[in-house]
Amino acid sequence: MKRIWMKLALAFMAVGASGILISALLSIKEMDIHFSMYVNEARQLERQDVLEVARRAYEAENRWGERAFSQMDAIAKVLGLRIVLQDQNQSRIGQFGDESAVRGSGYTKLPVAVDGQTVGYLTISHHEKAPSHSVETHFQRAHTNALLWTMLILIVVVIVVSIGIAKNMVKPIVRISDASIAVSRGDRSVRVPGTSGKDELAGLVDRFNHLIESLEHQEQLRKRLTSDISHELRTPLNTLLAQTEGMIDGIWEASPEHLEATRAEVLRLIRLVSDLDEVIQAESGTLKINQDMVDISKIAELTADAMSAALAQKNIVLKKQLEGEAMVLGDRHRLAQVFTNLLSNAWKHTAPHGEIRLTVKKERDRIVAVVSDNGSGIAAEDLPHIFDRFYRGDRSRNRERGGAGLGLTIAKGLVEAHDGQISIRSAEGIGTSVTMLFPAAGQRNSVD
């Protein structure tokens, strides 16, 4: 099977050689046409000169005498012509040139006129071996040979250049092919060196490298997700196994209280799996988001009202500053989930008699929503990882209070799915503030 560079080089060679061959043939043909025209014109002038010499010789003696004969003989020998002189009655009176060596390639019969009277005729034949004819033939052959040699050299140049260009053009493709083989064997670190140009091949190399980077990133996510899931599921599964085996062995009584504890572990597993599903959908971009006109202020207020009982248990004060008509295009249930996660986090980390602030306002072409508290805050070293899956800054806290570490991850994915941004500021012992920015939509009087 021929390599692609060979096919490309052969195509270049065929095009280049065809162009050179056609140009050479056209040049030779054109040269022959114009050279023939030149030769014919030169011979016509030559015949006119011979005719003029014969006329003057006749005028000098007023007849065809020795002078005319000697001049015709000299001209015939010098120019390699065969000249036949006839009188006005077309009777031959002289023949000049070597007849044994002369075989005319063509002849012309011309009248010789003096004072308007025809006094004779000249029949002029051109010799194939005449000096002028030899020069003409040599010139034609030299021109043809020069074109042939030039054509040969150009074809060699075309072959060399075609091979070089073809190899250089397909080099990125060969590298991509080799890299794809390495990737198929599990090597995600391979990269194709970029090219200096900005053509389609350079774009192909960049897109291939970007694809490998994406595959490497997805592989890292897959490994991390597998590790995270296995770590998070191990504890509740071990607890369920211990409780079940204890009941089977009779060590742990199957009382309503013990069964309720087992049920709580099952419910926690269900919540964990549900949260994981949402995280995966958010990270992969497959999370379904409705595009309805919704008022974030109303969503935030309804979410805060739903948590009023939990806030009252810890005597936490919730201060709301909600501007009306804070309209965005989005999914009311997903946005409510974001506020629920953020308010739940604030409630968990705020001490009794603490304070939580919920603010929604419109600034130019965006909606700003802020959930802040004066709780325990987050350590500086934990802030860069706060949106990571399963990350919990305080590893010593229990899971009932801390959760699985997916709340902020889900919130970030949902906010970004609404073309928004989320950021967090916190200081340990002072409190935490989470800010969300959403692009504002057109407003209307009522929200479905």
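Q: Happy to start with charges. Which side chains does Glu-355 or Arg-357 meet in a salt bridge?
A: The general idea is that a salt bridge brings a side-chain nitrogen of Lys or Arg within 4 Å of a carboxyl oxygen of Asp or Glu. Here Glu-355 and Arg-357 meet each other in one, at 3.0 Å from N to O. Keep in mind that this is a predicted model. Glu-355 counts as partly exposed because its relative accessibility is 22%, and Arg-357 is partly exposed with a relative accessible area of 40%.

Q: How many salt bridges does a search of the whole structure find?
A: The search finds 12. One of the pairs is Glu-363 with Arg-366, at 3.5 Å from N to O. Glu-363 has 29% relative accessibility, so it counts as partly exposed; Arg-366, at 35%, is partly exposed too.

Q: Where do Arg-263 and Glu-260 lie?
A: Both belong to helix α5 (residues 256-284), 3 residues apart, which is about one turn of the helix.

Q: Let's turn to rings. What describes a pair of aromatic rings?
A: Such a pair is described by how far apart the centres are and by the angle of the planes. In this structure, a search of the whole model finds 2 aromatic pairs. Tyr-58 and Trp-64 have ring centres 4.9 Å apart and planes at 55 degrees, so this pair is tilted. Tyr-58 counts as buried because its relative accessibility is 14%, and Trp-64 is buried at 12%.
The other pair, Phe-69 and Phe-96, is tilted as well, with 6.0 Å centre to centre and 35 degrees between the planes. Phe-69 lies in helix α2 (residues 66-79) and Phe-96 in strand β2 (residues 92-96), so the pair ties together parts 27 residues apart in sequence.

Q: Are Phe-69 and Phe-96 buried or exposed?
A: Both of these residues are buried.

Q: Which charged residue sits over the ring of Tyr-121?
A: Look for a charged end above a ring face. Lys-109 has its charged end over the Tyr-121 ring, 5.4 Å from the centre.

Q: Which residues form a nonpolar patch on the surface?
A: They are Ile-153, Val-157, Val-161, Ile-165 and Met-169, with about 400 Å² of accessible area together. Met-169 lies in helix α3 (residues 131-184) and, at 35% relative accessibility, counts as partly exposed.

Terms used: Residues numbered from 1 in each chain as written. Predicted model: local features only at pLDDT ≥ 70, side-chain atom pairs only at ≥ 80, totals over all residues. Heavy atoms only, no water. Patch = residues over 30% accessible without salt bridge, like charges linked within 9 Å, V, L, I, M, F, W, Y side chains within 5 Å. Areas by Shrake-Rupley, 256 points an atom, 1.4 Å probe, with all protein chains shown as cover. Helix = DSSP H or I, 4+ residues; strand = E, 2+ residues; numbered from the N terminus. Buried < 20%, exposed > 50% of the residue type's maximum accessible area, 1.4 Å probe, protein only. Phe/Tyr/Trp six-rings, centres within 6.5 Å; stacked < 30°, edge-to-face > 60°. Lys NZ or Arg CZ within 6 Å of the ring centre and 35° of its normal.
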